[in-house]
Amino acid sequence: MVDLSLSATRRPLVTRYPSLLIFLGVLALFTVSVTILSEGFGIGVISTSFVKTLGKTLCLCLVALAMDLVWGYCGILSLGHMAFFGIGGYAIGMWLMYARTEIIVRESLAAAPLPPTPQEISDGIAAQIFGVVGASEFPPIWAVAHSLPLQLAAVVLVPGCIALVFGWLAFRSRVTGVYLSILTQAMTLALALYLFQNDSGLRGNNGLSGLQNLPHLDHVSQSTISIVFFWASALALGLGYVLCTWVISGKFGSVIRAIRDDEARVRFLGYSVEAYKLVIFTFTAVLAGIAGALYYPQAGIINPAEIAPIASIYLAVWVAIGGRGRLYGAVIGAAFVSLLSTWFTGGQAPDIDLGFYTVNWVDWWTVLLGLSFVIVTLFAPRGIGGLFDLISERRSPERHGADLGPEPGALQEREADR
């Protein structure tokens, strides 16, 4: 039962949501432990490649938070949020590729008899970047790629504006349920197909590569850079969790839960359902864009396949397995499935020889993931996060015909607190 009393909303956030403090404590302990065990700042037990894997996992946890907020709390099953994730990656990737290529071009032209002009430098950068798709000029989309502040602003503004326009058109038409899911999937597919074209301005199927090479930091080892990005990812996840917890608290959180449970009744009560949906949809798109901007410099490459609709479907599966409607459940689901996927698809899981057939986990991992999703949906709808409900004894009290206090009615008061 949701407590709508004024005194409840005035209590500190950590007292209303004890899981917030627990989550931040676990995240801080995990971050410090990995740093101590890393090659860059610690004793070298954890390799640099695995530190990058953990950093990317934290970014996936952040986008899973966004998915849980829009789906688990507001009831909008978006199958397009990984598109916003990819847009954030492209936005920061454009600057990384431009700045890195500019250094290479300037060094190559330094030996020329005459100093190069700005136009010669620009032409050289464009030829280096777009020569792979048969072009030699910058498309208009790269107009501000030289500016890090503007590209960082694009990480937030581009996903936010796209979500704002798309959401306004969809929600004002009162598209809901499976139709809205199909519409978000169609948007994602259209964007992916556009980016696959060589004349899209983003190098088509080749995507943007070499993103792990940070400009002017050649003297810094990848082991050090990996820890810096790992800390940045952990900080973003921690702040994102606090912000999402604040969003679901108070009256706003109660309204979006009510929209999820009975949209028609909320509209009948006079609330602007479309406005609440639009705020949540846009906010979560921005979160997804930030997660993508941190993810792809650690991955080193981004291409249109990362934005394909199947990626958003995987995101929904992660949230469902972790526990929809629980922020910590979304984080658990994303981390669990991501790390397990790395183990199975990385060739570390041993093949199973059945005599007549050999089970190769690289090929069968997606089948196992699909079966897990079906099993969780049918038999454990609360997901992995539901286990914490049992541990914390958040189940309804059993009456057995007895009161739970010195005064009659104490049982009912305890039920109301829950």
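This is a predicted model: local features need pLDDT of at least 70, side-chain atom pairs count only at pLDDT 80 or more; totals for chains, interfaces and linings use all residues.

A pocket is an open set of grid points with protein on both sides within 12 Å along at least five of seven lines.

Q: How much space lies in the second largest pocket?
A: The volume is the space filled by probe spheres set on the grid points. For the second largest pocket, this comes to about 540 Å³.

Q: Which helix gives the most to the lining of the second largest pocket?
A: H4, H5, H12 (273-299), H13 (309-322), H14 (327-345) and H15 (361-379) each supply at least two residues of this lining. The top contributor gives five residues. That helix is H14.

Q: Which residues lie closest to the centre of the second largest pocket?
A: The lining has 23 residues. By class, 14 are nonpolar, seven polar and two charged. The closest to the centre are Leu60, Tyr295, Tyr314, Trp318 and Ser341.

Q: Are H4 and H5 roughly parallel, roughly perpendicular, roughly antiparallel or oblique to each other?
A: H4 (residues 48-73) and H5 (residues 81-109) pack with their axes 10 Å apart, at an angle of about 140°. Roughly antiparallel would need an angle over 145 degrees, and roughly perpendicular covers 65 to 115. H4 and H5 are therefore oblique.

Q: What is the handedness of the crossing of H4 and H5, and which residues of H5 make the contact?
A: The crossing is right-handed. H4 brings Cys59, Leu60, Val63 and Val70 to the contact. By class, the contact has six nonpolar, one polar and no charged residues. From H5 come His81, Met82 and Phe85.

How values were computed:
Residues are numbered from 1 along each chain as its sequence is written. Side-chain values use heavy atoms; hydrogens and water are left out. Axes are lines fitted to C-alpha atoms, for helices over the stretch in contact, and angles run from 0 to 180 degrees between N-to-C directions. Helices (H or I, at least four residues) and strands (E, at least two) are DSSP runs, numbered from the N terminus. Angles under 35 degrees count as roughly parallel, over 145 as roughly antiparallel, 65 to 115 as roughly perpendicular and the rest as oblique. A crossing is left-handed if the near helix is turned anticlockwise from the far one by less than a right angle, and right-handed if clockwise. Contact means heavy atoms within 4.5 Å. Ala, Val, Leu, Ile, Met, Phe, Trp, Tyr, Cys and Pro count as nonpolar, Asp, Glu, Lys and Arg as charged, and the others, Gly among them, as polar. On a 1 Å grid over the protein atoms alone, a cavity is a set of points where a 1.4 Å probe fits but cannot get out, and a pocket is an open set with protein on both sides within 12 Å along at least five of seven lines; lining residues have an atom within 4 Å of a point.
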